[in-house]
Amino acid sequence: MRKIILLSFLSLGFNSAFAQSAPYWQQHADYKMEVSMDVKNYQYKGKQELVYTNNSSDTLKKVFYHLYPNAFQPGSEMDARLHFIKDPDGRMVNKVKQADGKEVKQSRIETLKPNEIGYLKITNFKQDGVTAQTRVSGTILEVTLAKPILPNSKTTFTLDFDGQVPVQIRRSGRNNSEGVELSMSQWYPKLAEFDFEGWHADPYIAREFHGVWGNFDVKITIDKDYTIGGSGYLQDKNSIGHGYQDAGVTVTYPKKAKTLTWHFIAPNVHDFTWAADKEYTHDIVKGPNDVDLHFFYKNNEKTTANWKQLEPLMVKVMEYYNQRVGAYPYKQYSFIQGGDGGMEYAMCTLMLGNGTLEGILGTATHELGHSWFQHILASNESKHPWMDEGFTTYIEDSALNELKGDKKEVNPFAGNYKAYYSLVNSGKEQPQTTHGDRYDENRPYSISSYIKGSLFLSQLEYVIGKENVDATLKRYFNDFKFKHPTPNDIKRTAERVSGAELDWYLIDWTQTTNTIDYGIKDVADNAGKTTISLERIGRMPMPIDLKVEYTDGTSETFYIPLRMMNFVKPNPNPNEKRTVLEDWAWAQQNYSFTIDKNKTSIKKITIDPSGLMADVKQTNNVFEVK
């Protein structure tokens, strides 16, 4: 019996170790698409060939595709969400007065007519020339394969598709609020991701995405008066023109030509997006490392003035991101007026552009940041939206602060901490492990993803030091670019860089709603010395930086390591005396230490003078001797 138990234990241990040490793999998809757009009825027809490489150890008997435009139909899951969520996205609802005079919010999707809805219809699906069985369920196409895809093998899918561009509701659509005619995001049959967790065939309900790395070869035929901006490199720029042509080249079209076929190639991306309008101005500005920054915006006086000022600023922002995270790996990026706010895509963004310079600068800075945190470091946005939205918010705030020059703020993240505290006090916070579509309300989702996700990094500066966080971002970029990093990957990178143990940090901050709350419990005379007593009130532990200011104008700091970190942070202020005290174990709620000065010589004691620790109750963090 003992032998059986021992063998079972060894077997479990071996299997567990094998799973943990399995080599990283990811799937690969090479797309070839030809699409023809009818600009009169906003319908398009296309053909797609997709070479799919199964790099997993699984034999795949099914595959799944996203049919995102189907979300923009009455009765869809996206429509249903608008009916039941307490704070629906204002862009997606109309305010309607009832007979009793009360104003209610009505789903804009619910009111779409047949010629206004979005759809994507798939026909003639074949695998290696053999017809495969398909089934549509909302925004997902399920394909039962003609033959299984074996591990480490390739197969070729071909299909035809018919689409209709919906009236602009969310992200993709036609004739947006600023008059841009075509915002073509999530427009084609897109293969769902399969990874170590299995299939990610998420319906299109609200927000975030996850895609397969690959190469896109796309040909778009459209009325010759339209200018296109989007993902990829235009292959025939000197015959297309529209601002793409080389200097000195004059582009002419055959007299009878009514359309142009634009040929784009986008290498090593996981999405392809484009926008088109007859009134686009198209500027090209040289960015760092010889990257071409393209700007597409509506040709009117107010918009033009702001976008012209935007262009040199985005050169500076890209330079900052290159230095802070890693070099942008493509030779082109496009800022395109379109969409319904701001949304990141491969090598480009769609963003509203009629606002103030400050507004479009903030949007452009954020969306460009997503080129690093999502379109190079392709985390699963649906499951971990805080990794892309939060990390992007962190570097956005850092970059915008850098642009202020001499007027830079000491803590550019202060507003984020206030927003997080408001979420905690609302009682509506959900763990960051919540799927992006399944937050009870939109506001808690936004604060959790953008703000608390940003605080993961700004607070990590407090935990391991800013120099270590800077090095962590660069190593994270180098180790995981063009991959699908997970929350554990950013945590392990920070551990490798700093030497600290940070499992507690990842668990408490992202997997629970535990809060940080430390306080100064007592400051007492002790035979000519002073004993300072602290308490941990919240569940989440932290190392403690404490500053003591004296009546003679001098000051010093004390650092209390967190025992479970097994780490001592470098002194964040080397010019100020710091004493490293005994560590504080989480199970001990109280902690005391004594300084060699009497209480009357003390003016003020402060927990975390940097303001980077997200202590939810600040009133007990400061003790002033009166």
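Tyrosine 330 counts as buried, because its relative accessibility is 7% (buried means under 20% relative accessible area, exposed over 50%, partly exposed in between, with a 1.4 Å probe and protein chains only). This is a predicted model: local features need pLDDT of at least 70, side-chain atom pairs count only at pLDDT 80 or more, and totals for chains, interfaces and linings use all residues. Residues are numbered from 1 along each chain as its sequence is written, and side-chain values use heavy atoms, with hydrogens and water left out.

Now the sheet. It is open, with 5 strands in the order E21-E22-E23-E25-E24 and mixed pairing. Strands are DSSP runs of E of at least two residues, helices runs of H or I of at least four, numbered from the N terminus; two strands pair if DSSP finds at least two bridges between them. E21 (280-286) and E24 (342-345) stand at the edges with a single partner strand each, so one side of each lacks a neighbour in the sheet. E21 and E22 (residues 292-298) run antiparallel, joined by 7 bridges. Isoleucine 284 has histidine 294 in E22 as its bridge partner.

Next, the rings. The whole structure holds 52 aromatic pairs (Phe, Tyr and Trp rings, the last by its six-membered ring, with centres within 6.5 Å; planes under 30 degrees apart are stacked, over 60 edge-to-face, the rest tilted). Phenylalanine 295 and tryptophan 307 have ring centres 6.5 Å apart and planes at 85°, so the pair is edge-to-face. Phenylalanine 295 lies in E22 and tryptophan 307 in helix H4 (residues 301-324), so the pair ties together parts 12 residues apart in sequence. Phenylalanine 295 is buried, at 0% relative accessible area.
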